[in-house]
Amino acid sequence: MKRKFFPAAIAAALWPSVSALPAQTPAVVAPAAIQTQARESPLFSARGSQFADSVLKLMTLDEKIGQLNQSPGEGSQTGPRVPVGGEALIRAGRIGSFLGIWGADYTRGLQRVATQESRLRIPLLFAMDVIHGFRTIYPVPLAEAASFDPARVEFSARQAAVEATAHGLHWTFAPMVDIARDPRWGRIVEGAGEDPYLGSSMSAARVRGFQGGDSALSIGAPDALLATVKHFAAYGGAEGGRDYNSVELTERTLWETYLPPYEAAVRAGVAFVMASFNDIGGTPSHASDWLFGDVLRQRWGFRGAVVSDWGGISELIPHGVAANRGEAGILGLRAGIDIDMSDNVYIDSLGAAVRSGKIPQALVDSAVHRVLRIKYALGLFQDPYRFNDVARERRYTLAAEHLVASRLAAREAIVLLKNSSKTLPLRKDTHTIAVIGPLADDRRSSLGGWAADGHPDETLTVLAGVRAAVGPSVKVIYARGSPVDTADTTGLAAARDAAAQADAIVLVLGETESMSSEASSRSSIELPGLQLELARAVLRAARRSTAFVQTDTTPKPVAVVLMNGRPLAIPELAREAPAIIESWFLGSQHGAAVADVLFGDYNPGGKLPVTFPRVTGQIPIYYNHRNTGRPSDTANHYTSKYLDLPSSPLFPFGYGLSYTTFAYSNLHLSSATIAAGDSLEVSVDVKNSGDRGGDEVVQLYVRDDVASVEEPVKRLVGFQRIASRAGDTRTVTFRIRPQSLALYDRQMRRVVEPGTFTVFVGTSSDDVLTAHFTVTGDVLVLASPPTRFR
Ligand code: BGC
C-alpha cells in the first residue's frame with residue numbers, strides 16, 4: 001500500500017526511549033470511547049428500530065437488496081479506491097457498504113455521493129480487516145494471546161479502533177476466534193490458539209477494545225469500531241490443517257471447544273458475526289440455519305447482523321448444495337446471512353427470488369432492518385461525516401502513544417523457551433554482536449500477516465532493535481545466512497564468519513509472514529529451507545571460536561529468536577541452542593521489543609497459547625485431550641503412543657520461562673466440599689525466588705475426576721498475569737464457579753455433576769500443584785440441551 005504521510009515527529013516516535021517505558025507490566029486502563037457510555041446500546045435502541053422501520057417503508061426492493069451488498073475496494077497508486085462504476089452504483093442505491101476502502105477524505109467523498117446523490121440518501125458503511133492494528137501494528141493475535149493479558153489485548157484493540165475510525169472506517173472483521181488444534185493451518189496465527197477459555201477471554205477483550213466498552217454500549221462514539229466475530233463456526237477445525245477444508249466434529253467437541261469463544265464475543269456485545277468458509281459434516285456454514293438461527297440468535301440471543309465471508313455464498317455451488325447463484329443466494333439468506341461480501345449474489349438474484357415468491361420479502365426486510373439500525377446507531381443518519389475528520393486522522397496515525405503501547409504489547413507477547421546457563425540476557429557492553437538469519441532484517445515479516453495499512457518502512461526489525469539498544473560503541477555485524485525457504489547456500493560462509501568474529505550471536509529464524517495466515521497451510525511445521533543448516537553452522541562456529549573470545553567455561557552466547565505465526569517443530573534447535581525466544585510477529589515495534597528482552601531491559605513473561613509438537617506427525621497434540629482407556633505409558637506397549645516418539649510435546653501449552661524463577665506453594669481451597677451450584681476459592685503463594693523482577697502467568701485448571709462422559713485430562717478455567725519483585729511472595733486467588741465445573745452430559749445438558757474434582761495450579765499446563773474437592777448433592781442443570789446439529 002502506498003504511504004500517505006510520515007512526518008519527522010512520527011519517525012522520532014518510532015523509537016520511544018526505553019527509559020520512558022515501565023519496566024514490567026503497567027496497570028492497563030483502556031481509553032474509553034470518546035462519548036460517555038449510554039445505558040442501552042444504541043445498536044438495539046427502540047428509536048433505531050423505529051427509524052429503520054420508517055426508512056424500510058420508503059425503499060424499493062432493489063434499494064433494499066442494495067443495502068445487503070458489500071463491495072470491495074481496489075488498490076491504486078494513491079490508496080484504495082472504488083472500482084470503476086462504483087460511484088454510479090452508490091447513486092443508484094445498489095451498495096450498502098464497502099470493504100478495504102479508507103481515508104478520512106476519500107470516504108467523505110463517497111459518503112457525499114451516497115447521502116446527497118442517491119434517492120434515499122442512506123449513508124455507507126466502510127469496513128476493513130483491522131486485525132492487529134491499522135497503521136500502528138500490534139502483535140499478531142496468536143502472539144497477543146501469549147501475553148495472557150486480556151487488559152493489554154483490549155488496549156491494543158482500543159488504539160487500533162481509534163486509528164482506524166480516524167481513517168473513515170466504521171467496522172472491522174475481527175476478532176477471529178477460531179480454535180485451532182492443528183498448526184499446519186496457517187490461520188492459527190489470527191486466533192488465540194488451542195484453548196477455549198483463553199480464546200474466550202481474548203475474544204471478549206478484543207470486542208470490548210474495538211467497540212470501546214462492554215455490551216456494545218459505546219457504539220455511536222466516533223472512535224468505536226464495530227467488531228465482527230469470525231469465522232462462524234469451527235473454521236479452525238479444517239481437516240489436515242488445510243485451509244477451507246471440511247470439518248468433522250462431534251457435537252460435543254463443537255460445543256465444548258469450538259463454540260465458546262464466539263459466544264464470548266456475543267456476550268461482550270459484538271455487532272457482527274461472519275460466516276465461515278467450511279462445512280461441518282456436510283453443512284456449509286453459509287447455508288446453516290442451525291448455526292445462525294438456532295445457535296446464534298435463539299440460544300445466544302444475538303441481535304446484530306451477519307456477514308458472509310468473501311465469496312462464501314456463491315461457494316455453496318462448489319460445496320454442492322446449490323445448483324446456481326440464484327439458489328445459493330436463497331440458501332444464504334434463509335440461513336441468516338444478512339450481508340453479501342464481494343459476491344454480488346444477492347444483488348444479482350434476490351430480486352427475482354422475491355418477485356417469483358421463492359423467498360419471502362420479510363426475510364429481506366429483516367436483514368435490511370438490521371443494517372439500517374446499525375447505521376443509525378453509528379449516528380450516520382444525523383451526520384454521515386462523523387468519521388471523516390482529517391485532523392483526527394493526522395493526530396492518531398502512528399501516534400507516539402500507539403507506538404509505545406505496541407512495544408509494551410510486543411514485549412508481553414514474547415515467550416522465553418530456553419535459557420541454558422543464563423545465556424540471556426546478553427550484555428550491552430560487548431565488543432561485537434552478530435545478528436544472523438534471513439528474518440533478522442525482514443520488515444514485512446516483522447509486521448505480521450494482516451498488517452492493514454501498516455508500512456514495512458515504519459517497522460523495526462530485530463537488527464534495527466539490536467543496533468538501537470547497544471548504540472554506536474558496539475559493532476553489530478549482520479549476515480543473512482540462507483534464505484527462509486530455498487536451498488541457496490551462498491550466504492552460509494558469511495554467516496559462519498560473522499559468528500566466529502562476534503562475542504555474542506543473535507540468530508533469527510522461522511517463517512516469513514506469508515507462510516501463515518489465509519491460504520497458507522503447510523504440510524510440515526519444521527523449520528523451512530536451510531535454516532537448520534544455518535543454525536548448525538553458526539552454533540559450530542560459535543563453539544569453535546569461543547575459547548579465543550571468552551573463557552572455556554563461558555561459552556559464547558548464542559540466542560535464537562524465532563519468528564513465526566504457528567508452532568514450529570524444532571527438536572534439534574531446542575536441544576542444541578543455548579537460548580531461544582519465541583517472538584512471533586510483533587508488529588511495528590518488533591525489533592525494539594525483542595531487543596528489550598535480549599538485553600534484559602524487559603524480563604519476558606509470555607506463555608505458549610498453543611502446544612509445540614516435536615514433529616509434524618505428532619499433530620493433533622493439545623493439552624486438553626481426553627485420557628483414553630490406555631493412556632500413554634512407556635513401560636506398557638499396549639498404550640496410546642507412537643513407537644518412534646515420546647508422547648509429550650516439545651513445549652506444552654502455558655509454557656514459558658523468565659529470567660527469574662517462581663516457586664509455588666500453599667495451594668489452598670476454601671473448602672474440601674461444596675454443594676453443586678456453590679463456588680470455591682483457590683489460593684496459592686507464588687514467590688519470585690530469583691534475582692530480578694518479572695511477570696508470571698499463574699494458571700488454574702480443573703478436572704471432573706469421574707463424570708458421565710470422559711472429561712479432558714485438565715481444562716484451563718482461570719489465569720492471572722502478575723508482576724513481582726525479586727524475593728516477593730504474592731498470594732494469588734481464584735474463584736471457581738459452577739460454570740467452570742460444568743460439562744455437557746450425554747443428553748448435552750450443561751451440568752455440574754457431583755463427585756470429586758482435581759484442581760491444578762501452576763506455571764504451565766504440565767507443571768502444577770494439585771488439590772482435590774468434592775461436589776455434593778444432585779446434578780445441577782445449568783442449561784438445557786441445544787437443538788441437534790443439522
Ligand atoms: C477472509 C476473512 C476476511 C475477508 C475480507 C476472507 O478471505 O477469510 O477473514 O475478513 O476475506 O478480507
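Biologist: Between which two elements is the loop that holds Pro620?
Modeller: First, this is a predicted model, in which local features need pLDDT of at least 70, side-chain atom pairs count only at pLDDT 80 or more, and totals for chains, interfaces and linings use all residues. Residues are numbered from 1 along each chain as its sequence is written, and side-chain values use heavy atoms, with hydrogens and water left out. Helices (H or I, at least four residues) and strands (E, at least two) are DSSP runs, numbered from the N terminus. In those terms, the loop with Pro620 sits between α23 and β17 (662-669).

Biologist: What is the peptide bond from Ile619 to Pro620, cis or trans?
Modeller: Omega is the angle to look at, and for this bond omega is near 0°. Leu424 and Pro425 are likewise joined by a cis bond, and Pro425 is in the loop between β11 and β12 (432-436).

Biologist: Is Ala216 buried or exposed?
Modeller: Ala216 lies in the loop between α8 (196-211) and β5, and its phi is positive, about 60°, although this residue is not a glycine. Buried means under 20% relative accessible area, exposed over 50%, and partly exposed in between (1.4 Å probe, protein chains only). Because its relative accessibility is 0%, Ala216 counts as buried.

Biologist: What is the relative accessible area of Ala234?
Modeller: Ala234 is in the loop between β5 and α9 (251-258). Its phi is near 60°, a positive value in a residue other than glycine. Ala234 is buried, with a relative accessible area of 0%.

Biologist: Which residue stands opposite Val229 in β6?
Modeller: Five of the five residues of β5 (residues 228-232) are buried, so this strand is largely enclosed by the rest of the structure. Two strands pair if DSSP finds at least two bridges between them, and β5 pairs with β6 (residues 272-275) in the parallel sense over three bridges. In β6, the residue opposite Val229 is Val273.

Biologist: Which are the edge strands of the six-stranded sheet?
Modeller: The open sheet has mixed pairing, and its order is β11-β16-β15-β14-β12-β13.

Biologist: Which residue of β16 is the bridge partner of Val560?
Modeller: β15 (residues 558-563) and β16 (residues 579-582) run parallel and are joined by four bridges. In β16, the partner of Val560 is Ile580.

Biologist: How far apart are the end C-alpha atoms of α7?
Modeller: The expected span of a helix is 1.5 Å times one less than its number of residues. With 17 residues (150-166), α7 should therefore span 24 Å. The model agrees, since the distance between those end atoms is 24 Å.

Biologist: How many residues of α7 are buried?
Modeller: After α7 comes Gly168, whose phi is positive, near 90°. The helix itself is mostly covered, and of its 17 residues the buried ones number 15.

Biologist: What is the radius of gyration of the protein chain?
Modeller: This radius is taken over C-alpha atoms, and the globule rule is 2.2 Å times the number of residues to the power 0.38. The chain holds 24 helices and 27 strands, and 63% of its 790 residues are buried. With 790 residues, a compact globule would have a radius near 28 Å, which agrees with the chain's 27 Å.
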